[in-house]
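Colleague: I am new to this structure and would like to learn how to read its features. Could we go through them one at a time?

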Amino acid sequence: MKVREVYIKTFGCQMNEHDSEKILGILFSKGFIETDDPKKADIIIFNTCAIREKAEQKFLSNLGKVKFYKIKNPKIKVIVAGCSAQIQGKNLIHKMPFIDYIIGPDNIDKIEKIVEESLDKRILLEENANIHLLSLPILRKDRVKAWVNIIYGCNNFCTYCVVPYTRGKERSRPANMILEEIKHLSEKGYKEVTLLGQNVNSYRDGEIDFPILLQRINLIQGIERIRFVTSHPKDLSENLIKTMRDSPKICEHIHLPLQSGSDKILKLMNRKYTFNEYFDKVSLLRENIPNISITTDIIVGFPQETDEDFEKTINALKKSQFDGIFAFKFSPRPKAPASNYRGQVDEYTKSERLTEVLRLQDEITEKNNKIYQDTVQEILVEERTEEGVIGRTRSNKIVKIKSNLELGQLVKVKISKTYRHSLEGEILQ
Ligand code: SAH
Ligand code: SF4
Ligand code: F3S
């Protein structure tokens, strides 16, 4: 019998990338192999994102092409998974009847039944309260770094955001499962773990909160670096900062999404902090962990954002001196209350504000990278290229090294050149 092949395309965040590793894990355990040619595949999967309209458009244009593969070969099964599948549901099948299955993020375990053809439903969107208790097989392609889920869903309901409606209620994975998985990863030679959750700070399994979980992971031999995304500023505790300071394996980097510098807008966003409260946490982080790099997310053009509010975001960026940002134009999303707020900002103003934010941050990022010139950094080698290797500093800066190092090696490097988006280094003998 011919080996069955799967083509999978993933959109969106690390959580979705990791879900795709699980989908592939299930399929490989059923004898599938992966192909990068959708025309050859027995199953085509789109693991989709709904965070902004653009993300959805990208997937819809990809899906359009699949219709023709399906006409040529009606046996191909087309599966739409992920956040856009969850939010659009049966509308998608109405619009595109060639889709065979729609499965939301809580139902990826059902892939097994789909390939066994033992499922009588085409639309799988119901809440699966126990997804965090399952141990699904995972096909990780990276040999050095691994993603590990610690918390599913989100209870925060920021008014612009679709995620609480696509990934459901917050559920923490049992600590013993997480620790077992990481021990296993270390035995397989992994050096770095990134703990995943929409808000890792609200992790809790009985007495074990996020700092305690980190302290336990810090004791696992073989793992050299611990990272996590994402931290909601309102839940970033002093205890977590001290744990970061005192646990040698936790890297000196935090992604701490600010969203806006205006307290009025933060309130409309339901973020539950003011800029001053946010900045106090930034200061506490820097006091305790002097070399920490801090990155953030910014939304421009949220409803009712005036020039004055926007100026506050600009001032917040100047004051905070982030190492990097992701900036987005506000995009109205289904179910997100802000989509119906009065005072929607026009597209032209959003574009102008985005350009200004990016221009300012480019200067700041470049200046912050210059500080690395001639410093000695520990680099974990993550990738080999024709010119040498690429790795990261503990602060998450990309460093290129002309050398023949092995993947997974930790080396001391002197930074010889700095650019806006990367650094260059030479190995210290
Ligand atoms: N749970 C994480 C990630 C959320 S999505 C967190 O809370 O940070 C990543 C980023 O996308 C958000 O931080 C926000 O800046 C942006 N985003 C979310 N919804 C958006 C929308 N409707 N329009 C524009 N940007 C959005
Ligand atoms: Fe969305 Fe806010 Fe939850 Fe992040 S914390 S996933 S931005 S609702
Ligand atoms: Fe991630 Fe996009 Fe869903 S950012 S959580 S895949 S909406």
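Modeller: Let us begin with domains, whose bounds come from an automatic or database domain assignment. This is a predicted model, in which local features need pLDDT of at least 70 and side-chain atom pairs count only at pLDDT 80 or more, while totals for chains, interfaces and linings use all residues. Residues are numbered from 1 along each chain as its sequence is written, ligands are numbered from 1 in the order in which they are written, and side-chain values use heavy atoms, with hydrogens and water left out.

Colleague: Why does ligand 3 lie between domain 1 and domain 2?

Modeller: A residue is near a molecule if one of its heavy atoms lies within 4 Å of it. Domain 1 (5–124) and domain 2 (131–370) both give residues to the shell around ligand 3, so the ligand lies between them. Among the residues around ligand 3 are C13, C49, R167 and Q198.

Colleague: Which side chains meet E112 in a salt bridge?

Modeller: A salt bridge is a side-chain nitrogen of Lys or Arg within 4 Å of a carboxyl oxygen of Asp or Glu. The side chain of E112 meets that of K30, at 3.6 Å from N to O. E112 lies in helix α5 (residues 111–116) and K30 in the loop between α1 and β2 (33–34), so the pair ties together parts that are 82 residues apart in sequence; such helices are DSSP runs (H or I, at least four residues), as are strands (E, at least two), numbered from the N terminus.
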